[in-house]
Amino acid sequence: MPGPSNILIELESVSYAYPGSKFAALQDISACVGRAEFISVIGPNGSGKSTLARVMAGLLLTSGGRVMINGLDTARPESRQEIRRNVGLVMQNPDNQLVAAVVEEDVAFGPENLGLPSAEVFRRVEEALAAVGLSDMRSRPPHMLSGGEKQRLAIAGVLALKPLCVVLDEPTSMLDPFGRQEVLQVLRSLSKSGTAVVLITHHMDEAACADRVWLLDKGCLLFDAEPAALFSQFELLHELGLTSTSAGELAYRLVEQGFTLPVGIVTMEDMVNFLCRVLK
């Protein structure tokens, strides 16, 4: 957990109900995201993950509680423009976020709308394309990119606005395994370079790459812990219709068959290291 001076996003007893709905999409959620921290969010369908993403990005105002972004309250109208610069939102379908006919023009769209000088726009475009590994594709039309490349381009468009945090709502759900790996590599790099990342995903192996994992169900935050702690809760995950990671599920099945394995096997690297020790 980040210390008080290192908190970037703070959710204080946050609730949200859509107009006309009898049920709350979010219920009394309290949590925080530290600067440069990588958080993943998992949960069954309808658990409130996408609603949480929009609340954290300041696109939805809470029905109860409050959201603080770098010290700014999302409920205050005068703070909203700065909040949307601080938090960038990347959606599931990259085609919905691409607006220009050429890759570099798409990345430049946001900074140009901020009224920045041409030299600053150029610098931001260069940095954003380099961050997602698309510098060599700057002159290509976006429709000629692969799914993974389009999603990386959508991320670059957000990065060009220099946000302190990037919130991504299932950005890899429409991608093949290679495309998912491309995007995940970019997110790891962003976190290491100082940008906070909140990744909403239904791929447990992706979630396990984060510093902490939030587990949602029926709008409530059930668990906020390091991946090894959460993905060892097999019964809880299975009750919610979820699984652990691939390696975690393998470890669970082996234990069921009478094998003795240490607690906390989450990644394939964990499993390989364990097997190497046993076989040695």
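Modeller: Let us begin with helix H5, whose buried residues are Gly148, Glu149, Lys150, Gln151, Arg152, Leu153, Ala154, Ile155, Ala156, Gly157, Val158 and Leu159. This is a predicted model, in which local features need pLDDT of at least 70 and side-chain atom pairs count only at pLDDT 80 or more, while totals for chains, interfaces and linings use all residues. Residues are numbered from 1 along each chain as its sequence is written, and side-chain values use heavy atoms, leaving out hydrogens and water.

Biologist: What makes H5 largely enclosed by the rest of the structure?

Modeller: Buried means under 20% relative accessible area, exposed means over 50%, and partly exposed lies in between (1.4 Å probe, protein chains only). In H5, 12 of the 13 residues are buried, and the helix is therefore largely enclosed. Its buried residues are covered by elements including strand E6 (87-90), H3, H4, E7 and H6, where contact means heavy atoms within 4.5 Å. The element names follow DSSP runs numbered from the N terminus: helices are H or I of at least four residues, strands are E of at least two.

Biologist: Which elements do the buried residues of H6 pack against?

Modeller: They pack against strand E3 (38-42), helix H4 (118-132), helix H5 (147-159), strand E7 (165-169), strand E8 (196-200) and helix H7 (204-207). Among the buried residues of H6 are Val183, Leu187 and Leu190.

Biologist: Which residues touch the most other members of the largest nonpolar core?

Modeller: A nonpolar core is a set of buried Ala, Val, Leu, Ile, Met, Phe, Trp, Tyr and Cys residues joined through side-chain atoms within 4.5 Å. The largest such core has 32 residues, and Val107, Ile155, Leu168 and Leu187 touch the most other members. Helix H3 (103-113), H4, H5, E7, H6 and E8 each supply at least two of its residues, and the largest share, 6 residues, comes from H5. Leaving aside residues up to four places away in sequence, Ile155 touches Val90, Val132, Leu168, Val183, Val186, Leu187 and Leu190. A second, separate core of 30 residues includes Tyr16, Val41, Leu52 and Val198.

Biologist: Why is Leu279 called exposed?

Modeller: Leu279 has 72% relative accessibility, so it counts as exposed. This residue lies in helix H11 (residues 268-279).

Biologist: What makes the contact between Glu12 and Arg66 a salt bridge?

Modeller: A salt bridge is a side-chain nitrogen of Lys or Arg within 4 Å of a carboxyl oxygen of Asp or Glu. The closest N and O atoms of Glu12 and Arg66 are 2.6 Å apart, which meets that limit. The pair links distant parts of the chain, 54 residues apart, with Glu12 in strand E1 (residues 7-16) and Arg66 in strand E4. Both are partly exposed, Glu12 at 24% relative accessibility and Arg66 at 35%.

Biologist: What do Arg54 and Asp169 tie together?

Modeller: Their salt bridge has its closest N and O atoms 3.1 Å apart. Arg54 lies in helix H1 (residues 49-56) and Asp169 in strand E7, so the pair ties together parts that are 115 residues apart in sequence. Arg54 is partly exposed at 23%, whereas Asp169 is buried at 6%.

Biologist: How do you know that Arg253 and Glu249 are separated by about one helical turn?

Modeller: They are 4 residues apart in helix H10 (residues 246-256), which means about one helical turn.

Biologist: Why is the phi of Lys162 worth a remark?

Modeller: Most residues other than glycine have a negative phi. Lys162 has a positive phi of about 60° although it is not a glycine, and its place is in the loop between H5 and E7. Lys162 is partly exposed, with a relative accessible area of 39%. Together with Glu120, Arg123, Arg124 and Glu127, Lys162 is linked in a network of salt bridges.
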